[in-house]
Amino acid sequence: MTFIARCVLTAGLFAAMTAPAFAGDIDVKDAWARARAEGARAGAAYITVMNSGKEADALVAAASPVADVVELHEHRHNNGVMEMRPVGEMALPPGEPVTLKPGGLHIMLIGLRQTLTEGSSFPLTLTFRTAPPVSVTVKVLSVAAMGPGK
Ligand SMILES: [Cu+2]
């Protein structure tokens with residue numbers, strides 16, 4: 001390693017140690033959910049997350065007053081059967097939008113406390129590994145919607 005390279009590396013480490021905790025630069029848009037029939041026990045919410053910072057981050061939790069439990073889920077094929085299961089976190093690589101959608105990553109709403117009626121909306125708070133929490137308003141679309149504007 002050259003002397004100059006070592007100096008740059010040392011300066012970088014110093015900056016990383018003295019700068020405030022990386023706050024991230026997270027934008028959440030297009031928060032939506034499918035309408036659910038009255039009495040339905042579960043639903044799902046979808047968002048698009050853009051990490052415009054330089055470091056990887058991750059969505060680690062979500063919460064909403066409309067459900068008893070909110071979990072981060074993925075769908076995957078298992079011997080030809082589509083099943084879903086909780087994931088510990090959703091990776092948010094820098095510079096790449098991550099879109100949650102039916103059949104893929106989703107935010108599972110378990111134990112619905114209210115009917116998700118088309119045209120209504122509800123709050124959702126997202127917790128990230130590094131960035132500060134973000135609260136969004138989720139729009140309830142039709143029962144078969146595939147996303148906003150579709
Ligand atoms: Cu699920």
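Trainee: Which residue in S9 is the bridge partner of Ala63?

Mentor: Start with the idea: two strands count as paired if DSSP finds at least two bridges between them. The strands themselves are DSSP runs (E, at least two residues), just as helices are (H or I, at least four), and both are numbered from the N terminus. Here, Ala63 has Thr125 as its bridge partner in S9. That bridge belongs to the pairing of S3 with S9, which is antiparallel and has four bridges.

Trainee: Before I go on, what kind of model am I looking at, and how are the residues numbered?

Mentor: It's a predicted model, where local features need a pLDDT of at least 70 and side-chain atom pairs count only at pLDDT 80 or more, while totals for chains, interfaces and linings use all residues. Residues are numbered from 1 along each chain as its sequence is written.

Trainee: Back to S3, then. Which residue in S6 stands opposite Asp57?

Mentor: That's Leu92. S3 and S6 run antiparallel and are joined by three bridges.

Trainee: And what does S9 pair with over six bridges?

Mentor: S10. S9 (residues 121-128) and S10 pair in the antiparallel sense, and a hairpin of five residues links S9 to S10. As an example, Phe122 has Val138 as its bridge partner in S10. S10 (residues 134-141) also takes part in a parallel pairing, with S1 (residues 26-34), through three bridges. In that pairing, look for Ala33 opposite Val140.

Trainee: How many helices and strands are there overall?

Mentor: One helix and 10 strands.

Trainee: Which residues touch the most other members of the largest nonpolar core?

Mentor: First, the terms. A residue is buried if 20 or more other C-beta atoms lie within 10 Å of its own, exposed if 12 or fewer do, and partly exposed in between, with C-beta atoms placed from the backbone. A nonpolar core is a set of buried Ala, Val, Leu, Ile, Met, Phe, Trp, Tyr and Cys residues joined through C-beta atoms within 7 Å. In soluble globular proteins, nonpolar side chains tend to be buried together. In this model, the largest core has 32 residues, and Ala33, Ala45, Leu59, Leu124 and Val138 touch the most other members. Elements giving two or more residues to this core include S1, S2 (42-51), S3 (57-63), S9 and S10. S2 supplies the largest share, five residues.

Trainee: What is Val138 in contact with, leaving aside its neighbours within four places in sequence?

Mentor: Contact means that two C-beta atoms, placed from the backbone, lie within 7 Å. For Val138, the list is Ala31, Trp32, Ala33, Ala45, Ser121, Phe122 and Leu124. Across the protein, 71% of the contacts with a separation of 6 or more are between residues 24 or more positions apart.

Trainee: Lys54 sits in the loop between S2 and S3. Is it buried or exposed?

Mentor: Lys54 counts as exposed because it has 10 C-beta neighbours inside 10 Å. Its C-alpha is still 5.6 Å from that of Pro94, 40 residues apart in sequence.

Trainee: Why does Asn79 count as exposed, and what is its phi?

Mentor: Most residues other than glycine have a negative phi. Asn79 isn't a glycine, yet its phi is positive, about 55°. You'll find Asn79 in the loop between S4 and S5 (81-86), and it counts as exposed because it has 5 C-beta neighbours inside 10 Å. Asp30 has a positive phi too, about 50°, and isn't a glycine either. Asp30, though, lies in strand S1, and it's partly exposed because 18 other C-beta atoms lie within 10 Å.

Trainee: Where is confidence lowest, and where is it highest?

Mentor: The lowest mean is 44, in helix H1 (residues 3-18), and the highest is 98, in S8. Over residues 1-23 the pLDDT is below 50, and that stretch has five contacts beyond near neighbours in sequence. The protein as a whole averages 87, with 83% of the residues scoring at least 70.

Technical notes:
pLDDT is the predictor's confidence in each residue, from 0 to 100.
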